Amino acid sequence: MNYIVLDLEWNQSSKPEGTIPGMPFEIVEIGAVKLGSDRSMISEFSRLVKPQVYTTMHQITGRLIHLQMQQLQSGDPFPVVYADFKEWCGDEPFFCTWGPLDLTELQRNMRYFELSPMAGGPIAFLDVQKLFSIAYDIKERRNLEYAIDYLNIEKDIPFHRAFSDAYYTARILEQLPTDVLGRCSYDVFHLPRDKEHEIHTVFDDYFKYISRPFRERERALTDREVMSTKCYLCGKPTRRYVKWFTTNSRFYQCVTECDQHGLMKSKVRLRKAENGDTYVVKTQKFIDKKTADSLKYKREHTLHEGVLRS
Ligand SMILES: [Zn+2]
């Protein structure tokens, strides 16, 4: 397994009315660094993409990424660059990006150019920006330059080109403590196509589930798997402690108790897919009695109570 640290630059329409549906951002540069399983750098990828969709440079984008339309003319069309990139990645690439956006935009561009998808469902990846925050207990997402300064990494090449940002992200990844590397994220550009392909992942101190899409949110909220509160450690049924409730109808919470593992909070978040379908991200974690009782209090005092099951 190799880590592929990826960074993309993209352009957009100069006028809002010129935006092509389903293709708001056109990739103009792909930069990447390949790291071995020991996180040492193995090889580099850097290519310009010749625009086919937005052929004038958006003012702010152009300033931000230091690229001129004229330079991009020396690039190859996206399908050619992507084919080379895919070959360079090799088998079983494990993608790493700064922030959560790049894999989504990559797949959106692939769809526009009618290339076959990288995966039939969600893609596990490392969001290095998130891992940096976790590793150094930083409360919010910081930019790449902040992280570089924080870790005293030498700024030996300029920022805001795809390759340099991938390179700096790789330098940060190299230094992260090993214990945060298990905290993968999922890109959900392609949702799980059926129940069988849904995501169930046990992390160190919590569990994450990503559902297949549902046409209506009501269907999602009555699905057995979505609302299941069986213990994620032993798989046994749990007893109700605080019934399902919501304060804002964007997420639902409950607390149940496993005889062996104690009090477990379940949280169901409703998300909208691009086509309007609803899917669910459920997280579960074990909590102490004090936290459970404060949720019980919150439920009893909430006005917009939405009890799903008795
Ligand atoms: Zn249990």
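These are my notebook entries on one protein structure, written as I looked things up.

**Entry 1: the whole protein**

I started by reminding myself that this is a predicted model. I then looked up the overall extent: the C-alpha atoms fill a box of roughly 65 × 45 × 35 Å along the principal axes. The secondary structure comes to ten helices and twelve strands. I noted that 31% of the 310 residues count as buried. I also checked how contacts span the sequence. Among contacts between residues at least 6 apart, 64% join residues at least 24 apart.

**Entry 2: the domains**

Six strands make up an open sheet with mixed pairing, and their order is 3-2-1-4-5-6. Which strands stand at the edges? They are strand 3 (41–48) and strand 6 (185–187); each has a single partner strand, so one side of each has no neighbour in the sheet. From one strand to the next, the twist averages 35 degrees.

I then looked at what lies against this sheet. Helix 4 (residues 102–112) packs on it and touches strand 1 (2–11), strand 2 (26–35), strand 4, strand 5 and strand 6. The direction of helix 4 makes about 70 degrees with that of strand 1.

**Entry 3: pairings in the sheet**

I went through some neighbours one by one.

- Strand 1 and strand 2 run antiparallel and are joined by nine bridges; here Trp 10 has Ile 27 of strand 2 as its bridge partner.
- Strand 2 and strand 3 are antiparallel as well, with seven bridges; Gly 31 is partnered by Ser 46 in strand 3.
- Strand 5 (residues 123–127) pairs with strand 6 in the antiparallel sense over three bridges; Phe 125 stands opposite Ser 185 of strand 6.

Is strand 2 mostly covered or mostly uncovered? I found it mostly covered, with eight of its ten residues buried. The hairpin of strand 2 and strand 3 has five residues between the strands, and within this hairpin Arg 39 takes a positive phi near 65 degrees.

**Entry 4: Phe 25**

I stopped at Phe 25, which sits in the loop between strand 1 and strand 2. Is Phe 25 buried or exposed? Phe 25 counts as buried, because 21 C-beta neighbours lie inside 10 Å and the cut-off for buried is 20 or more. Leaving aside neighbours within four places in sequence, Phe 25 is in contact with Trp 10, Gln 12 and Glu 105. I looked up one of these distances: Gln 12 is 13 residues from Phe 25 in sequence, yet their C-alpha atoms are 4.9 Å apart.

**Entry 5: the largest nonpolar core**

A general point first: nonpolar side chains tend to be buried together in soluble globular proteins. In this model, the largest nonpolar core has 63 residues. Those that touch the most other members are Val 5, Ile 27, Ile 30, Ala 32, Cys 96, Val 128 and Ala 166. Helix 7 gives the most to this core, with seven residues. I also saw that each of domain 1 and domain 2 supplies at least three residues to the core.

**Entry 6: two loop residues with positive phi**

Glu 92 has a phi near 50 degrees, a positive value in a residue other than glycine. Glu 92 lies in the loop between helix 3 (78–89) and strand 4 (93–97). Glu 92 counts as exposed because it has 8 C-beta neighbours inside 10 Å, and 12 or fewer is the cut-off for exposed.

Asn 152, also not a glycine, has a positive phi near 55 degrees. Its loop runs between helix 6 (144–150) and helix 7 (162–175). With 7 other C-beta atoms within 10 Å, Asn 152 is exposed.

Last, I looked up strand 7 (residues 199–202) and strand 8 (residues 207–210), which run antiparallel and are joined by four bridges. The hairpin that links strand 7 to strand 8 passes through four residues. Val 202 has Phe 207 in strand 8 as its bridge partner.

Terms used:
Residues numbered from 1 in each chain as written. Predicted model: local features only at pLDDT ≥ 70, side-chain atom pairs only at ≥ 80, totals over all residues. Pairing = 2+ DSSP bridges. Axes fitted to C-alpha atoms, helices over the stretch in contact; angles between N-to-C directions. Contact = placed C-beta atoms within 7 Å. Core = buried A, V, L, I, M, F, W, Y, C linked by C-beta atoms within 7 Å. Domains from an automatic or database assignment.
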